[in-house]
Amino acid sequence: MALHAVSPAAAASPPCALSSARLPQRPGCGCLSNRSSLLSSSTNFMKFQYGAVGFFGVPLVLQHSDKRAVLRHATNEEIEEEKMIVEEQAKEKMEKAIETVQSNFNTVRTGRANPSMLDRIEVEYYGTPVNLKTIAQINTPDATSLLIQPYDKSCLKLIEKAIVAANIGVTPSNDGEVIRVTVPPLTSDRRKEMTKTVAKLSEEGKVAIRNIRRDAIKAYDKLEKEKKLSEDNVKDLSADLQKITDEYMKKVEAIQKQKEQELSKV
């Protein structure tokens, strides 16, 4: 059989070039009768060698031993485990976002006195901003007034100043011992202003939930890069995550509607 010289360019070409080569067939030998099948198998082997992810979009985990490497498909149990971890973390954060929205809604006053109206007020206490509730006791002697009794009477004026600066539609009265706050009925203009505030707080909550979803998808993308999930896995898990996100969006809208109804009744 004649031997042919191989050019340097051909020798340097990548292994996948074998897929277009023509192999000689010896007369009477059936082992090479299906050359295209053999070449396809060779090409697939070299694709594995040069970094293919796997068949049918399923990630393959490469396990090394002393003499050979074994390729293993990621199991459904492993995919479900990764999904559970990411989703549980996202749900926990979304629950906290809902709690924050509800807490912020409580600070929006209606026509009835409620200590929660003062939840977001901070006082410059010895040069440090502190929450009003940490330095004073707040009571509701009746439906239209609040009674604020500081633990340190020297900060009465600071508390009074902080309430005025909060612009929540009330005027504090300092008698040197306690601060009284009378909650007037909401005017039509003030009600509209409070409704806009509620809408703004609601949108802030939705943005927080969207950001949590974004971070969760980034976690899936990271797992894909680590070959723990395939692209199709990430698409399916992201779709499930969107359903969870939609549920929490509806929760924000529900408590927003409830707050707006409270404002409309006063």
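Student: With which residue does the side chain of Glu231 meet in a salt bridge?

Tutor: This is a predicted model, in which local features need pLDDT of at least 70 and side-chain atom pairs count only at pLDDT 80 or more, while totals for chains, interfaces and linings use all residues. Residues are numbered from 1 along each chain as its sequence is written, and side-chain values use heavy atoms, with hydrogens and water left out. A salt bridge is a side-chain nitrogen of Lys or Arg within 4 Å of a carboxyl oxygen of Asp or Glu. At 3.8 Å from N to O, the side chain of Glu231 meets that of Lys235.

Student: By how much of a helix are Glu231 and Lys235 separated?

Tutor: Helices are DSSP runs of H or I with at least four residues, strands are runs of E with at least two, and both are numbered from the N terminus. Glu231 and Lys235 lie in helix H6, residues 231–264. Because they are 4 residues apart there, the separation is about one helical turn.

Student: Is Lys235 buried or exposed?

Tutor: The classes rest on relative accessible area with a 1.4 Å probe and protein chains only: buried is under 20%, exposed is over 50%, and partly exposed is in between. Glu231, at 47%, counts as partly exposed. Lys235 has a relative accessible area of 52%, and therefore it is exposed.

Student: How many residues apart are Asp119 and Lys133, which form a salt bridge?

Tutor: The closest N and O atoms of Asp119 and Lys133 are 2.5 Å apart. The pair links distant parts of the chain, with Asp119 in the loop between helix H3 (76–106) and E3, and Lys133 in the loop between E4 and strand E5 (136–142), a separation of 14 residues.

Student: Is Asp119 buried or exposed?

Tutor: Contact here means heavy atoms within 4.5 Å, and, leaving aside neighbours within four places in sequence, Asp119 is in contact with Thr107, Asn131 and Lys133. Asp119 itself has 18% relative accessibility, so it counts as buried.

Student: What relative accessibility does Leu132 have?

Tutor: Leu132 lies in the loop between E4 and E5. Not counting residues up to four places away in sequence, Leu132 touches Leu118, Ile121, Val123, Ile138, Ile148 and Ile159. Leu132 counts as buried because its relative accessibility is 0%.

Student: Which strands stand at the edges of the open sheet of 4 strands?

Tutor: Two strands pair if DSSP finds at least two bridges between them, and the order of this sheet is E5-E6-E8-E7 with antiparallel pairing. Each edge strand has a single partner, so one side of it is left without a neighbour in the sheet; the edges are E5 and E7.

Student: What angle does the direction of H4 make with that of E7?

Tutor: Within the sheet, the twist averages 25 degrees from one strand to the next. Axes are lines fitted to C-alpha atoms, for helices over the stretch in contact, and angles run from 0 to 180 degrees between N-to-C directions. H4 packs on the sheet, touching E5, E6, E7 and E8, and its angle with E7 is about 170 degrees.

Student: What phi does Asn167 have?

Tutor: Most residues other than glycine have a negative phi. Asn167 is in the loop between helix H4 (156–166) and strand E7 (171–174), and it is exposed, with a relative accessible area of 53%. Although Asn167 is not a glycine, its phi is positive, at about 55 degrees.

Student: What is the volume of the largest pocket?

Tutor: On a 1 Å grid over the protein atoms alone, a pocket is an open set of points where a 1.4 Å probe fits, with protein on both sides within 12 Å along at least five of seven lines, and lining residues have an atom within 4 Å of a point. Grid points are joined across faces, edges and corners, and a volume is the space filled by probe spheres set on the points. Of the 14 lining residues, those closest to the centre are Thr107, Arg120, Ala166, Asn167 and Ile168. The volume is about 280 Å³.
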